[in-house]
Amino acid sequence: MNRREFLMTAGAGSVSLLAAKGAHAQEQPRKRNVLLYVTDDQGTGDAGCYGSRIAKTPGMDALAREGVRMNSAYCTTPSCSPSRSVLLTGLHNHANGQYGLEHSYHHFASFPNIKTLPVLLAGAGYRTASAGKFHVAPKDTYQFQQYIGGPSPSEMADNCLPFLAARDEAPFFLYFCTTEPHRNFKRDGADPVRPENVVVPAFLPDTPETRLELAAYYASLQRADSGLVRLIKILHDTGHWEDTLIICLSDNGIPFPGAKTNLYEPGIHLPCIVRNPYSGRRDASCDAMVTWADITPTILDFAQVRPDAESHGRSFLSAIEEDNPKDWDETYASHTFHEVTMYYPMRMVRTRKYKLIWNIAHGLEFPFASDLYGSKTWQAVLSRHETHYGPRSVEALLKRPAFELYDLESDPNETNNLADDPAHAEVLADLKSKLKSFQERTRDPWILKWERE
């Protein structure tokens, strides 16, 4: 078996990719291609490279061995369309206009004058293609030159082969989005997972229903990863492994109550793996606190494109050269809608130690996404009249105060709200000030609620 056959053997459960070192790594870049791979509703710990003993993610694991695993990566809004709009603009969703879901009667869309990543790259001479889930609008604003589909992630990757293999002097940008592991957990072709083997995250109730749904989720996650396995092989086969920046991440947290659509850690703390072909950093990790507002600036930096466009993020291309780079110790989040009926605006600032969430419409009961409300996990809680959902009370999950302040070092499950604790009054005031400054910088319309609500 030759080297490539060994590296790309299918079904081995892992893929080992050994990057060229030495003089070859110092060659001048031929092209600066980009692959942005986005899974749908994948939690941060749910990959082998992030320590999971259950998740089968050979593609992500291989990429992590050949790149940098980000340990402190965050979406800025834990909802599909708004999160993707931030990925492709570098602007928080309250500024780009994609306040909620794009599809069907929800009908949210970004402002038509927004400058988006695919349009900026096309203007710089890139060939652009979107494969799979799109879920942002208007299409003209997020215009790609080519759209690619497929019945599964691996088959969709095969359908990308002509685009990736095209004999063209222009570099490419491939935006590849799976629909997995979003509910209803497509898992054809994946290995079954036994519910009794599942490790239940601390924020979820350990019930038969939760275990059953987690087992389906993990199988669907394996299917989501299959496209990355295939794309890695295609990049090798087409000679683009050594000239393609690869960023693999999830749009928002795991599709269970308490995660997706929430600004608690399970909803926003996500996997992110980066492989810069022109960096010698391999099998490494980075603790910089990055957000999805940083993705567009990072890709443009790699592509050496300097657009005249506003961004709320910054490139982390140089930050990933270190384990603990300076000045990457704070993140912000902004969530307003998921479905059109789910108005619950929240703003958040998170430091290494503390998190402050401002529940702007705290007089309302927290709304559930339709698929999460109908889940077996949540319906079991309702049918049994349970008082707790994991470590959090059901009442606390549904009825939230104006401010939630957590010491994440001593309270990682975010159950002890310190907002009314006199001993933390100074911390609260400081984080409120940071939050207001963030809203001012990003021209957040909801800043008015400090005075008018």
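**Entry 1: the second largest cavity**

I started with the lining of the second largest cavity, which by class has six nonpolar, three polar and two charged residues. For these classes I count Ala, Val, Leu, Ile, Met, Phe, Trp, Tyr, Cys and Pro as nonpolar, Asp, Glu, Lys and Arg as charged, and the others, Gly among them, as polar. The lining residues are P257, G258, K260, T261, N262, F366, F368, A369, L372, L397 and R400. The space in this cavity comes to about 40 Å³. I found that the structure holds three cavities of 30 Å³ or more.

My note on terms: on a 1 Å grid over the protein atoms alone, a cavity is a set of points where a 1.4 Å probe fits but cannot get out, while a pocket is an open set with protein on both sides within 12 Å along at least five of seven lines; lining residues have an atom within 4 Å of a point. Grid points are joined across faces, edges and corners, and a volume is the space filled by probe spheres set on the points.

I also noted that this is a predicted model, where local features need pLDDT of at least 70 and side-chain atom pairs count only at pLDDT 80 or more, while totals for chains, interfaces and linings use all residues. Residues are numbered from 1 along each chain as its sequence is written, and side-chain values use heavy atoms, with hydrogens and water left out.

**Entry 2: the largest pocket**

Next I looked up the largest pocket, which has about 620 Å³ of space. I see 27 residues lining the largest pocket, and T44, P201, A202, F203 and P266 lie nearest its centre. Sorted by class, the lining of the largest pocket has 13 nonpolar, eight polar and six charged residues.

**Entry 3: the sheet of eight strands**

In which order do the eight strands of the open sheet stand? I read β4-β3-β5-β1-β6-β7-β2-β8, with mixed pairing. Its edge strands are β4 (146-148) and β8 (284-291), each pairing on one side only. Neighbouring strands of this sheet are turned by 20° against each other on average, direction ignored.

Two strands pair if DSSP finds at least two bridges between them. Helices (H or I, at least four residues) and strands (E, at least two) are DSSP runs, numbered from the N terminus. Axes are lines fitted to C-alpha atoms, for helices over the stretch in contact, and angles run from 0 to 180 degrees between N-to-C directions.

I then followed strand β3 (residues 127-132): five of its six residues are buried, so β3 is largely enclosed by the rest of the structure. Buried means under 20% relative accessible area, exposed over 50%, and partly exposed in between (1.4 Å probe, protein chains only). β3 pairs with β5 in the parallel sense over six bridges, and with β4 in the parallel sense over three bridges. I checked A129, which stands opposite L174 in β5 and opposite Q146 in β4.

Strand β1 (residues 33-39) pairs with strand β5 (residues 172-177), in the parallel sense, over five bridges. V34 has F173 as its bridge partner in β5.

Helix α2 (residues 58-65) lies across β2 (68-74), β6 (244-250), β7 (269-275) and β8, at about 55° to β7. Contact here means heavy atoms within 4.5 Å.

**Entry 4: the sheet of four strands**

I found a second open sheet, in the order β9-β10-β11-β14, with antiparallel pairing. Here the edge strands, each pairing on one side only, are β9 (330-335) and β14 (403-407). The twist averages 10° from one strand to the next.

β9 runs antiparallel to strand β10 (residues 346-351), and six bridges join them. Y332 has V349 as its bridge partner in β10. Helix α14 (residues 425-441) lies across β9, β10, β11 (354-359) and β14, and runs at about 60° to β11.

**Entry 5: backbone details**

Which peptide bonds are cis? I noted the bond from A137 to P138, with omega near -5°, and the bond from R183 to N184, with omega near 15°. P138 is in the loop between β3 and β4, and N184 is in the loop between β5 and α8 (208-237).

I also looked up two positive phi values: H385, not a glycine, has about 55°, and E414, also a residue other than glycine, has a phi near 55°. H385 is in the loop between α12 (376-383) and β12 (388-389), whereas E414 is in the loop between β14 and α14.

Are H385 and E414 buried or exposed? H385 counts as exposed at 67% relative accessibility, while E414 is buried, with a relative accessible area of 1%.
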